[in-house]
Amino acid sequence: CSQADPPSAGGLLSFVSRRHHMAHTDDEYADFVAHPRYGQHPHFTGLNPQENYLPESEHYAFLHWHSPVGSRIANTAIVANVSRQTSATVPVTHYFDTKRQCRDCTRPFIFFAKEQQFWYEELGFGLDGDCIRCFTCRKKHRGLENARVRYEELFHVAGRTVGENLEFVKCWLELVEGAIFHRSKVAQMRALLGRLLLQATGNDKRELLKLSGRLEVIATENGG
């Protein structure tokens, strides 16, 4: 029965480092907003280049401006493919998992190295772009922007159908609840829902009743 070779000093240190990272991660990142693809915790790669701006050096490394030492998570770097980045004055050679605080909800989250690679090498985002919202708030922000565009489209439609009016009210509610629109049109929307309820049947009527409930919550908060 053969025995496995004992771990080298470097391998042992790497193993201990990984165990340390795992314990550290469990404590420090438990309250971070999770990303559906990349998770909640750092992805340790063991790669930790230091900034070195001498192109002739074999250890040349230009790190992203949005990932200073205070936010970079050590040993999470991945090598960038600079040929796939949008033209920049100085290409970024490595991406790190970096700590962020969401602009909207203020919760901490990680802007993952793999996510940066996807942004800057697959989607073609410029290297001057940064991630300022957690995934949850980004999704909400995109949803509100879509609702705003659709609301404006429907606003200019003459003779809207029952379904279009239902969508129109729904968009307005989402925008008010998301603090994008003011609540000043409560009376007009209540009157519109009243007219729609007289025409609607089945699923449309059930949906309108739900929207009426949301509208009354807004009306109460608005003082009537």
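The largest cavity in this predicted model is lined by V33, A34, H35, G39, F109, I110, F112, C134, F135 and R138. Its volume is about 40 Å³. There is also a pocket to look at: the largest pocket holds about 210 Å³ of space.

**The cavity**
- The count comes to 1 cavity of 30 Å³ or more.
- Strand β4 (108-111) and helix α3 each give at least two residues to the lining of the largest cavity.
- Sorted by class, this cavity lining has 7 nonpolar, 2 polar and 1 charged residues.

**The pocket**
- Around the largest pocket you will find H35, R37, Y38, E115, F118, W119, L123, F125, F135, R138 and R142.
- Two or more residues of this pocket lining come from each of α2 (113-122) and α3 (135-155).
- The pocket lining divides into 6 nonpolar, 1 polar and 4 charged residues.

**A nonpolar patch on the surface**
- F118, L123 and F125 make up a nonpolar surface patch, and their accessible area together is about 250 Å².
- Where does F118 lie? F118 sits in helix α2.

Conventions: Residues are numbered from 1 along each chain as its sequence is written. This is a predicted model: local features need pLDDT of at least 70, side-chain atom pairs count only at pLDDT 80 or more; totals for chains, interfaces and linings use all residues. Side-chain values use heavy atoms; hydrogens and water are left out. On a 1 Å grid over the protein atoms alone, a cavity is a set of points where a 1.4 Å probe fits but cannot get out, and a pocket is an open set with protein on both sides within 12 Å along at least five of seven lines; lining residues have an atom within 4 Å of a point. Grid points are joined across faces, edges and corners, and a volume is the space filled by probe spheres set on the points. Helices (H or I, at least four residues) and strands (E, at least two) are DSSP runs, numbered from the N terminus. Ala, Val, Leu, Ile, Met, Phe, Trp, Tyr, Cys and Pro count as nonpolar, Asp, Glu, Lys and Arg as charged, and the others, Gly among them, as polar. Patches are made of residues with over 30% relative accessible area and no salt bridge: like charges are joined within 9 Å, nonpolar side chains (Val, Leu, Ile, Met, Phe, Trp, Tyr) within 5 Å. Accessible areas come from the Shrake-Rupley method with a 1.4 Å probe; for residues, only the protein chains shown count as cover. A salt bridge is a side-chain nitrogen of Lys or Arg within 4 Å of a carboxyl oxygen of Asp or Glu.
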